[in-house]
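Look at the fold as a whole before turning to single residues. The paragraphs below start with helices and strands and end with side chains.

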Amino acid sequence: MEALVIGAGRGIGLEFVRQYLASDLYQRVYGTYRQPSADLLALQERYPDRLQLIPVDVTQEAQITAAIATLKAQTSRLDEVIYCVGLLHNQTLQPEKSLRHIQTENLLTYFQVNAIGAVLWAKHLLPFLRHPEPAIFAAISAKVGSIEDNRLGGWYGYRASKAALNMFLKNIAIEWSRVAPNIIVAALHPGTTATDLSEPFQKNVPPEKLFSPTRTVSQLRQVIANLHPQDTGKFFNWDGESLPW
């Protein structure tokens, strides 16, 4: 099997790469990054024949198409693709608590990273996933992107961009089901995971609900392993429960 992890530099994406490489089922793993972490580079040094790293900024489609060309030179088939790129905060951006905090530039950034990047990758990946065996295209979404589940408000850009990601995935699933019924498209909620993304917001999370990346990815891989073609276009919790849109 061959897998592609989009956003492999750290956190959940890095752990997906680590677990794929630890499994004999995966002959080749491809990982994209915007800024490589020392841990990711150490994995490449340890597995030089099985891990190929590709620099990609998902907000730049030209870089995605260049990465696709690199992949084509290496393989014609992928069995699993996991979109792990996500943005909640950075040095200049924080989730909005109120309408008065809304800024157009910040909203556009949320949508570019959390949603548009995934659909741009899907635009180019169909030839790799269309083969006789089951294939997975999954993206790390978030329960806060569920419109039905939203009872607290706030976090306008993050919530809306994850809701947009979910709609993109639903559309992709419908279109691909007509031409490649082997592909299962899924949105995955990982639970609160101890990564840089959640770090400023962990203090109010009960210890039993704050997962390590190792636990999160193990749980998500179990969810993926249990998916069937009829599950395409659905939104799943880390425990396999179907989540409301």
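Helices (H or I, at least four residues) and strands (E, at least two) are DSSP runs, numbered from the N terminus. The model is a predicted one, in which local features need pLDDT of at least 70 and side-chain atom pairs count only at pLDDT 80 or more, while totals for chains, interfaces and linings use all residues. Residues are numbered from 1 along each chain as its sequence is written, and side-chain values use heavy atoms, with hydrogens and water left out.

Two strands count as paired if DSSP finds at least two bridges between them. Strand β1 (residues 2-6) and strand β4 (residues 80-83) pair in the parallel sense over four bridges. Ile6 stands opposite Tyr83 in β4.

Contact here means heavy atoms within 4.5 Å.

An α-helix has 3.6 residues a turn, so residues three or four places apart point the same way. Rings of Phe, Tyr and Trp (its six-membered ring) pair if their centres lie within 6.5 Å; planes under 30 degrees apart count as stacked, over 60 as edge-to-face and the rest as tilted. The structure holds seven aromatic pairs. The pair of Phe16 and Tyr20 is tilted, with 5.8 Å centre to centre and 40° between the planes. Phe16 is buried, at a relative accessible area of 0%, and Tyr20 is buried at 0% too. Buried means under 20% relative accessible area, exposed over 50% and partly exposed in between (1.4 Å probe, protein chains only). Together with Tyr26, Phe16 and Tyr20 form one aromatic cluster.

Now move to helix α5 (residues 156-179). Its 24 residues reach 35 Å from the first C-alpha to the last, close to the 34 Å expected at 1.5 Å a residue. That expected span is 1.5 Å times one less than the number of residues. Among the buried residues of α5 are Tyr158, Leu165, Leu169, Ile172 and Trp176. The buried residues of α5 pack against α4 (104-129), β5 (135-140), β6 (183-188) and β7 (234-236).

Trp155 lies in the loop between β5 and α5. Phi of Trp155 is near 50°, a positive value in a residue other than glycine. Trp155 counts as partly exposed, at 25% relative accessibility.

Next, consider the charged side chains. A salt bridge is a side-chain nitrogen of Lys or Arg within 4 Å of a carboxyl oxygen of Asp or Glu, and the count comes to five salt bridges. In one of them, Glu61 meets Lys123 with the closest N and O atoms 2.8 Å apart. Glu61 lies in helix α3 and Lys123 in helix α4, so this pair ties together parts that are 62 residues apart in sequence. Glu61 is partly exposed at 28%, whereas Lys123 is exposed at 56%. Arg77 and Asp79 form a salt bridge at 2.9 Å, N to O; Arg77 is partly exposed at 30% and Asp79 is buried at 5%.

Not counting residues up to four places away in sequence, Leu78 touches residues including Leu4, Tyr30, Leu125 and Phe128.
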